[in-house]
Amino acid sequence: MGGDARVTLATVEDAALATASTDAEAIRRAAQERAEAIIDQARAKAAALIAARRAAAERLADLEARERLAEARGEARATVLRAQRSVLLGAKSAAHAASRRLVDDSRYDRLLERLAVDARERLAAAGPVQIVRLPEGGQVARAGSREIDYSLGAQVDRCLDAMASELERLWQ
């Protein structure tokens with residue numbers, strides 16, 4: 001019996017070892033599957049996070065690009081406006097200089113006479129009209145509390161103001 005007990009004990013040990021090996025393999029496979037599932041989940045979460053971050057970064061980049069474009073457009077518009085203002089100031093300065101040279105023109109006195117006639121007609125209802133020649137060119141007409149400025153500078157400014165809409169149209 002002693003031999004049978006050893007054989008039986010060895011058989012039981014072999015069976016227990018086989019069962020333990022099978023159980024261990026099942027545990028290892030289950031652990032491996034769980035690890036793979038966790039890794040797959042982590043990869044999916046990472047991919048979703050990367051996609052969300054990429055989309056957010058693209059939205060931010062798009063927003064920044066639009067802001068830079070708006071800023072560039074604003075700067076360009078400011079540059080154009082400065083250039084237009086410079087042209088207008090140059091034209092105004094040249095027109096004023098040219099108007100001051102009119103004082104030496106032979107037709108200047110006739111211009112002042114026509115302006116005086118116009119002033120008398122326009123101011124007649126306000127009382128006696130007084131006309132004062134200005135040293136810088138032109139004249140001022142007054143009657144009562146009313147006044148008309150016929151100075152050369154004022155005439156040039158009125159002409160340029162009247163042309164402003166035309167100049168604006170040309171710059172578009």
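The tour begins with the whole chain and then turns to single elements and residues.

**Before selecting anything**

This is a predicted model, in which local features need pLDDT of at least 70 and side-chain atom pairs count only at pLDDT 80 or more, while totals for chains, interfaces and linings use all residues. Residues are numbered from 1 along each chain as its sequence is written, and side-chain values use heavy atoms, with hydrogens and water left out.

**The whole chain**

Of the 172 residues, 13% are buried (buried means under 20% relative accessible area, exposed over 50%, and partly exposed in between, with a 1.4 Å probe and protein chains only).

Next, colour the chain by secondary structure. Helices (H or I, at least four residues) and strands (E, at least two) are DSSP runs, numbered from the N terminus.

**The hairpin**

Select strand S1 (residues 130-133) and strand S2 (residues 138-143), which run antiparallel and are joined by four bridges; two strands pair if DSSP finds at least two bridges between them. Ile131 stands opposite Ala141 in S2. Four residues lie between the strands of this hairpin, and Gly137 takes a positive phi near 110 degrees.

**The largest pocket**

Which residues line the largest pocket? Select Arg85, Leu88, Leu89, Lys92, Leu160, Asp161, Ala164 and Leu167 to show its lining. Helix H1 (2-101) and helix H3 (152-170) are the elements that each give two or more residues to this lining. The space in the pocket is about 190 Å³. A pocket is an open set of points on a 1 Å grid over the protein atoms alone, where a 1.4 Å probe fits, with protein on both sides within 12 Å along at least five of seven lines; lining residues have an atom within 4 Å of a point. Grid points are joined across faces, edges and corners, and the volume is the space filled by probe spheres set on the points.

By class, the lining has five nonpolar, no polar and three charged residues. Here Ala, Val, Leu, Ile, Met, Phe, Trp, Tyr, Cys and Pro count as nonpolar, Asp, Glu, Lys and Arg as charged, and the others, Gly among them, as polar.

**The salt bridges**

The structure holds eight salt bridges, each a side-chain nitrogen of Lys or Arg within 4 Å of a carboxyl oxygen of Asp or Glu.

Select Asp157 and Lys92, whose closest N and O atoms are 3.5 Å apart in a salt bridge. Asp157 lies in helix H3 and Lys92 in helix H1, so this pair ties together parts that are 65 residues apart in sequence. Asp157 is partly exposed at 24% relative accessible area, and Lys92 is partly exposed at 34%.

Move to Asp105 and Arg107, a salt bridge with its closest N and O atoms 2.9 Å apart. Asp105 is partly exposed at 25%, whereas Arg107 is exposed at 54%.

Finally, select Asp118 and Arg122, where the corresponding distance in the salt bridge is 3.3 Å. These two residues are four apart in helix H2 (residues 108-123), so about one helical turn separates them.
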